[in-house]
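The following exercises are to be worked with the sequence and the coordinates at hand. Each task is followed by a stepwise solution.

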Amino acid sequence: KEGPQEGGAQDDGGADSDGDFQQVQAAFEESLPAFLKTAWAMSVIDLDDTIKAVCRILLKDVSVPWQIRVRRAQALMLLSQIFLRASQAAAGASGDQDIKMKVEEAIHAGMREK
């Protein structure tokens, strides 16, 4: 015979469900900045490693003449300037509220898919 102690959840009518939801939501909002910083740091490390490997391959490829490697280096410099300008424009356009709304939309979309 399974009692409330052994059998899992005990339903007490949902009296505290609103309070529980608000506590969970508050805890989520409080931990969101730390979660985002961690996810961002991991992404930056992964991108940095990938970019370094690609650049090493492109710039140290001895199967092509040095002139091609110089042109590749120039193209990489141009590409880096484009990405830098785009990131600066995005940083100026996004505020904390905008980021929070985007994260909430992504979470809700993920929940709807399940």
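Two residues are in contact when heavy atoms lie within 4.5 Å. The model is predicted, so that local features need pLDDT of at least 70 and side-chain atom pairs count only at pLDDT 80 or more, while totals for chains, interfaces and linings use all residues. Residues are numbered from 1 along each chain as its sequence is written, and side-chain values use heavy atoms, with hydrogens and water left out.

**Exercise 1. Contacts of Leu 76**

Determine which residues Leu 76 contacts, leaving aside its neighbours within four places in sequence.

Solution. Begin by locating Leu 76, which is found in helix α2. With the sequence neighbours excluded, Leu 76 is in contact with Cys 55, Leu 58 and Leu 59. Finally, take the C-alpha separation of Leu 76 and Leu 59: 9.7 Å, for two residues 17 apart along the chain.

**Exercise 2. Fold and surface**

State the secondary structure of the protein chain and the share of its residues that is buried.

Solution. Helices are DSSP runs of H or I with at least four residues, strands are runs of E with at least two, and both are numbered from the N terminus. The chain has three helices and zero strands, in the order α-α-α. Relative accessible area (1.4 Å probe, protein chains only) classes a residue as buried under 20%, exposed over 50% and partly exposed in between. Of the 114 residues, 4% count as buried. By the Shrake-Rupley method with a 1.4 Å probe, the accessible surface is about 10,200 Å², and carbon and sulfur atoms account for 61% of this area.

**Exercise 3. Geometry of α1**

Compare the span of helix α1 with its expected value and locate its bend.

Solution. The expected span is 1.5 Å times one less than the number of residues. Helix α1 (residues 17–59) has 43 residues, for which 63 Å is expected; its first and last C-alpha atoms are 59 Å apart, close to that value. The bend at a residue is the angle between axes fitted to the seven residues ending there and the seven starting there. In α1 this angle is about 40 degrees at Ser 31, and Pro 33 follows within four residues.

**Exercise 4. Salt bridges**

Identify the salt bridges in the whole structure.

Solution. The criterion is a side-chain nitrogen of Lys or Arg within 4 Å of a carboxyl oxygen of Asp or Glu. The search finds two. One joins Lys 52 and Asp 48 at 3.2 Å, N to O; because these residues are four apart in helix α1, about one helical turn separates them. Lys 52 is partly exposed at 44%, as is Asp 48 at 36%. Another pairs Arg 72 with Asp 61, with closest N and O atoms 3.3 Å apart. This pair links distant parts of the chain, Arg 72 lying in helix α2 (residues 66–93) and Asp 61 in the loop between α1 and α2, 11 residues apart.
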